[in-house]
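Please open the model in your viewer and keep the selection tool at hand. The tour below goes from one selection to the next and says what is found at each stop.

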4 protein chains.
Amino acid sequence: MLEELGYKRLSIEAIAARAGVGKQTIYRWWKGKGLLVIEAFAHATSARATELPTADSGSVAEDLRRLLLSVFDRNAHYDRGAAPATKSMMAEAQLDREFLATFRELVQSWHGLFLRVLERGKERGELRPDADSAALVDLLMGATWYRVLLEHAPLDKAYADTIIRTVLEGNRPD
Amino acid sequence: MLEELGYKRLSIEAIAARAGVGKQTIYRWWKGKGLLVIEAFAHATSARATELPTADSGSVAEDLRRLLLSVFDRNAHYDRGAAPATKSMMAEAQLDREFLATFRELVQSWHGLFLRVLERGKERGELRPDADSAALVDLLMGATWYRVLLEHAPLDKAYADTIIRTVLEGNRPD
Amino acid sequence: MLEELGYKRLSIEAIAARAGVGKQTIYRWWKGKGLLVIEAFAHATSARATELPTADSGSVAEDLRRLLLSVFDRNAHYDRGAAPATKSMMAEAQLDREFLATFRELVQSWHGLFLRVLERGKERGELRPDADSAALVDLLMGATWYRVLLEHAPLDKAYADTIIRTVLEGNRPD
Amino acid sequence: MLEELGYKRLSIEAIAARAGVGKQTIYRWWKGKGLLVIEAFAHATSARATELPTADSGSVAEDLRRLLLSVFDRNAHYDRGAAPATKSMMAEAQLDREFLATFRELVQSWHGLFLRVLERGKERGELRPDADSAALVDLLMGATWYRVLLEHAPLDKAYADTIIRTVLEGNRPD
DNA sequence: GTATAACCGAGACGGTACGTCCCGTCTTACA
DNA sequence: TGTAAGACGGGACGTACCGTCTCGGTTATAC
């Protein structure tokens with residue numbers, strides 16, 4: 001229904017009707033449209049067994065590339081698949097502080113994957129040991145989200161390369 | 001009123017009442033809440049004469065630093081000043097495609113400033129000539145927006161340093 | 001719609017839909033279902049020009065008889081015409097004190113007609129001068145309403161005769 | 001709870017909660033709010049051993065007076081005691097035909113007492129033998145209910161006297 | 001200096017959705 | 001096995017705003 005109507009026109013009334021369910025039942029389980037969508041999103045992504053690739057390939061560059069391209073893949077089409085949902089959630093997060101807290105947890109769970117890769121890189125001496133990994137993750141993710149949100153340029157391999165190249169070269173040891 | 005109520009609870013009805021104006025008059029001038037806010041935002045930022053620093057200091061690093069810190073300054077407090085407004089607009093942009101187009105123009109007008117600085121850097125040989133400047137701007141802005149939107153970490157000098165350092169070191173010539 | 005559905009199943013939602021009107025518009029004009037019905041009732045009875053007979057025939061008995069039979073006529077069929085509406089209003093009056101006040105005014109406007117007839121009777125010496133006219137009206141109306149409300153016996157001429165006979169004979173001068 | 005909340009706001013949900021009982025259990029015993037209240041009313045009036053006075057004093061006037069004043073007593077205060085309950089039941093009877101049937105039986109059980117008194121009066125020659133006793137009971141009860149329902153005048157001794165006087169004088173033999 | 005038009009506040013209107021209450025039925029988990 | 005607890009599908013409530021639409025009562029202009 002999200003893809004069909006868009007988040008704004010998606011009403012709890014309509015969800016209930018489509019589900020053949022009383023509105024109260026929905027309010028019993030979720031506090032609002034946002035939290036319902038977040039859960040539906042989590043369910044959909046986990047159900048489709050589309051886990052992000054976490055295997056250790058031996059090189060930060062390769063690990064990061066795999067991870068980032070996987071994220072790019074899911075969000076490359078701004079108007080279908082995961083992107084509309086994540087965009088909607090980011091919007092709701094700006095409109096409802098309570099929702100922001102929940103959403104942040106979801107988003108930060110993704111950070112973990114990136115953090116681990118970067119930390120492995122440090123251990124292997126591929127990255128400066130004093131680099132601020134958390135900040136680097138924000139760079140990686142921020143660059144990605146920015147294009148998804150504004151839709152002013154595509155999430156393509158060239159962009160991924162630029163991002164990864166910049167982050168790694170910019171934090172090479174000495 | 002935006003700071004007071006938040007974008008979600010800010011209704012055109014309330015704006016009209018507060019302004020001592022008929023609703024029709026508002027609809028005559030703006031097509032929706034989003035476009036009204038975008039204009040109010042533009043008015044407020046220009047009125048306060050808080051233009052971004054564009055002077056050429058002679059070094060990319062310094063120019064970038066000044067520019068980025070100026071942006072950081074305006075948005076450092078996530079719950080007052082410019083941040084709530086920009087966050088609201090980013091939200092609206094996700095919910096209304098027509099608004100997205102308008103908002104994108106506003107945002108991209110800011111890109112110009114960063115692009116010019118990077119291009120000057122290329123000319124001076126401070127940056128690789130084949131670096132994708134547009135992508136680098138997205139890196140800079142994306143990293144900034146990301147923390148503003150998620151509010152999971154502060155927009156502080158350390159973060160600015162990491163961003164600039166990474167972008168510049170990551171795109172040094174040869 | 002009242003006759004069709006009955007007062008209980010008559011919802012403001014349905015009235016609005018049938019009238020092709022927003023619910024708010026109804027709430028703008030009437031405070032509740034009861035007050036709307038009371039107004040519809042007043043409108044219907046006045047529109048149909050079914051005024052009660054108030055002419056002076058020269059005898060209390062005859063005046064009273066005409067008046068009472070006219071009331072009987074309108075309410076003889078407990079399940080159509082005026083009776084369902086008046087019954088509904090009497091019900092609402094028991095459930096909502098504010099409505100009771102309004103309803104009482106309507107009902108007491110009818111008392112006036114009976115009171116005038118009785119007072120004429122006193123003047124002509126057909127009734128004891130110290131009879132409590134108001135109480136006698138309550139007797140006349142109470143007896144009528146009682147059968148309408150309980151529907152345990154018909155509003156027929158015999159009952160009208162008994163009522164009038166009792167009230168007049170019971171209050172003959174000396 | 002009836003006195004506390006009024007019939008309208010009295011919900012089965014609330015009754016169950018207050019009673020520490022499942023809703024289902026209530027529906028197992030009573031078909032609706034009305035029937036539950038009618039039973040509670042019957043229980044309350046019988047428990048308080050406030051039976052109506054049926055003894056034969058030797059005079060219709062006296063018997064009637066005792067009986068009527070007893071009814072008046074219970075309902076003199078329109079907002080507490082028996083009156084709110086009877087008013088509620090009369091309301092429900094107008095809204096639900098099935099309930100009306102049950103309620104009518106309860107009400108008519110009271111008629112029996114009045115009928116017996118009137119019949120005794122006929123036997124003793126205190127009343128015209130061809131008087132319609134049932135109609136007279138409706139006069140007595142109707143006059144009483146009317147004031148209880150509209151609350152436009154008190155149930156006082158003067159009113160009782162007028163009622164009884166009218167009914168007896170109006171149906172004296174010859 | 002007055003008639004006339006443009007404007008605008010106020011807010012009613014048809015409408016959608018909200019979040020809540022309660023209905024009467026169904027399910028669960030404990031005693 | 002029965003029952004409290006309460007979830008469920010459902011209907012209606014009364015409210016908030018939406019974007020559109022009349023209204024009068026000013027101004028401001030043209031005659």
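In which helix of chain A is the place of A:Tyr159? Select A:Tyr159 and you will find yourself in helix H9, residues 157-169 of chain A, where helices are DSSP runs of H or I with at least four residues, strands are runs of E with at least two, and both are numbered from the N terminus.

Before going further, note that this is a predicted model, in which local features need pLDDT of at least 70 and side-chain atom pairs count only at pLDDT 80 or more, while totals for chains, interfaces and linings use all residues. Residues are numbered from 1 along each chain as its sequence is written, chains are lettered from A and ligands numbered from 1 in the order in which they are written, and side-chain values use heavy atoms, with hydrogens and water left out.

**First stop: around A:Tyr159**

With a relative accessible area of 2%, A:Tyr159 is buried; buried means under 20% relative accessible area, exposed means over 50%, and partly exposed lies in between, with a 1.4 Å probe and protein chains only. Show its contacts next, a contact being heavy atoms within 4.5 Å. Leaving aside neighbours within four places in sequence, A:Tyr159 is in contact with A:Phe72, A:Ala143, A:Arg147 and A:Pro154, and also with B:Ala135, B:Asp138 and B:Leu139 of chain B. If you then select A:Thr144, which is 15 residues apart from A:Tyr159 along the chain, you will find their C-alpha atoms separated by 9.0 Å.

**Second stop: helix H6 of chain A**

Now select residues 82-95 of chain A, the 14 residues of helix H6. How far apart are the end C-alpha atoms of this helix? They are 20 Å apart, which agrees with the 20 Å that the helix should span at 1.5 Å a residue, the expected span being 1.5 Å times one less than the number of residues. H6 of chain A is mostly covered, since 14 of its 14 residues are buried.

Within this helix, pick out A:Thr86, which counts as buried at 5% relative accessibility. Apart from neighbours within four places in sequence, A:Thr86 is in contact with A:Phe41, A:Asn75, A:Phe103, A:Trp110 and A:Trp145.

The C-alpha trace of chain A spans about 60 × 30 × 30 Å along its principal axes, and buried residues make up 50% of its 174 residues. Among contacts in chain A between residues at least 6 apart in sequence, 62% join residues at least 24 apart.

**Fourth stop: the copies**

Show chain A and chain B together. A rotation of 180° with 0.0 Å of shift along its axis superposes chain A on chain B, with an RMSD of 0.1 Å, copies being superposed by least squares on the C-alpha atoms of residues with pLDDT of at least 70 in both. Of the interface residues of chain A, 100% are also interface residues in chain B, so the copies meet through the same surface.

Turn next to chains C and D, where a rotation of 179° with 0.0 Å of shift along its axis superposes chain D on chain C, with an RMSD of 0.2 Å. That is the relation of a two-fold axis. The same surface serves both copies, as 100% of the contact residues of chain D recur in chain C.

Which chains do not touch? Chain A and chain D do not, and their nearest C-alpha atoms are 16 Å apart; likewise no contact joins chain B and chain C, whose closest C-alpha atoms lie 16 Å apart.

**Last stop: loops and a chain end**

Most residues other than glycine have a negative phi. Select B:Glu151, in the loop between helix H8 (133-150) and helix H9 (157-169) of chain B, and you will find a positive phi of about 55° although it is not a glycine. B:Glu151 is buried, with a relative accessible area of 14%.

A:Asp174, in the segment after H9 of chain A, has a positive phi of about 30° and is not a glycine. A:Asp174 is exposed, with a relative accessible area of 99%.

Finish at D:Gly81, in the loop between helix H5 (60-75) and helix H6 (82-95) of chain D, which counts as partly exposed at 36% relative accessibility. D:Gly81 and D:Thr45 are 36 residues apart in sequence and 9.9 Å apart in space, C-alpha to C-alpha.
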